Amino acid sequence: MRPVRRDASPLAGNYGNYADAKAELVSRMGPYCSFCERKMPTSLAVEHIQAKGLAQYANLIGTWENFLLACVNCNSTKGTKDVVLNALFLPDRDNTFHALAYHADGSITASAHAQAAGFEPMVDATLALTGLDKAAVNTADHQGVLIALDRILQRAEAWAAADIARANVAANPDSDAMRSMVVQLATATGFFSVWLTIFSGDSDMVLRLIRAFPGTEASGCFEALIGTSRTPSPNLDALPFGAKI
Ligand SMILES: [Zn+2]
């Protein structure tokens, strides 16, 4: 879950139609689901952190600070769950990259840091909110070839692609063209956190990736010039219950 900064609203007041915020949100944060990190060229929705379907949050339906972007899977799994801001991590106010660990099989767990800090229950709540903790469903075609239809297997595919890219960069460490091409592949593929994990040993690639995905560097969750993860998030817009990690 990529830390992002949406920054101040482009409007003086609330949105009359929340869908009108989509272009600005995509401009600030890129065309990616805020939760599963998939690239969604279409079918990306303006997501209400505190659900528009719950009466107690009806006043937030047009509020910029309540918006993220979500794919249909994350959005529908989240549904009208009550988001208690101090009980889970959110990518606009916490260093969600620091909280989570990504694995080759597509699974996501609490990072070592989060475990040591006693944050595992909050990580579990964060993953459960949009179903990022769901087990993979192994669906095969008529020849028995596994087809990645769900988010976890698509994340595993991204991991495999990123791992090949890492080997190619390692074989051509001085090739700016190769590095540039890999960053293009990463932004076209999505799954920022997978790419950053795979390239964690290459500070040049880390910086390139942080700068290529809109809103990431602006989050302040990565040190300038070196790209190491910074915790807690500086929560630059002072969002409620932010900077938990
Ligand atoms: Zn998603």
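Student: Before we start, what does contact mean here?
Tutor: Contact means heavy atoms within 4.5 Å.

Student: Okay, so which residues does Trp195 touch?
Tutor: Leaving out residues up to four places away in sequence, Trp195 touches Ala161, Ala162, Ala165, Val182, Leu185, Ala186, Thr189, Gly190 and Leu209.

Student: What kind of model is this, and how are residues numbered?
Tutor: It is a predicted model: local features need pLDDT of at least 70, side-chain atom pairs count only at pLDDT 80 or more, and totals for chains, interfaces and linings use all residues. Residues are numbered from 1 along each chain as its sequence is written, and side-chain values use heavy atoms, with hydrogens and water left out.

Student: Which residues have the most contacts inside the largest nonpolar core?
Tutor: Phe35, Trp195, Phe199 and Leu209. That core has 63 residues. A nonpolar core is a set of buried Ala, Val, Leu, Ile, Met, Phe, Trp, Tyr and Cys residues joined through side-chain atoms within 4.5 Å. Buried means under 20% relative accessible area, exposed over 50%, partly exposed in between (1.4 Å probe, protein chains only).

Student: New topic. What coordinates the zinc ion?
Tutor: The SG atoms of Cys33, Cys36, Cys71 and Cys74, at 2.3 Å. Donors are N, O and S atoms within 2.8 Å of the metal (3.2 Å for Na, K and Ca); water is not among the atoms, so sites may look incomplete.

Student: Why is the arrangement called tetrahedral?
Tutor: Because the four donor atoms subtend angles of 104 to 116°. Four donors count as tetrahedral if all angles lie between 85 and 135 degrees.

Student: Where do Cys36 and Cys74 lie?
Tutor: Cys36 is in the loop between helix H1 (22-29) and strand S1 (45-48), and Cys74 is in helix H2 (residues 72-78), so the pair ties together parts 38 residues apart in sequence. Helices (H or I, at least four residues) and strands (E, at least two) are DSSP runs, numbered from the N terminus.

Student: Is Cys74 buried or exposed?
Tutor: Buried, with a relative accessible area of 0%.

Student: Now salt bridges. How many does the structure hold?
Tutor: The structure holds 14. A salt bridge is a side-chain nitrogen of Lys or Arg within 4 Å of a carboxyl oxygen of Asp or Glu.

Student: What does Arg208 pair with?
Tutor: Arg208 forms a salt bridge with Asp176, with the closest N and O atoms 2.7 Å apart. Arg208 lies in helix H9 (residues 203-212) and Asp176 in helix H7 (residues 176-189), so the pair ties together parts 32 residues apart in sequence.

Note on methods: Four donors count as tetrahedral if all angles lie between 85 and 135 degrees; four count as square planar and six as octahedral if opposite donors are over 155 degrees apart and all others between 65 and 115; anything else is irregular.
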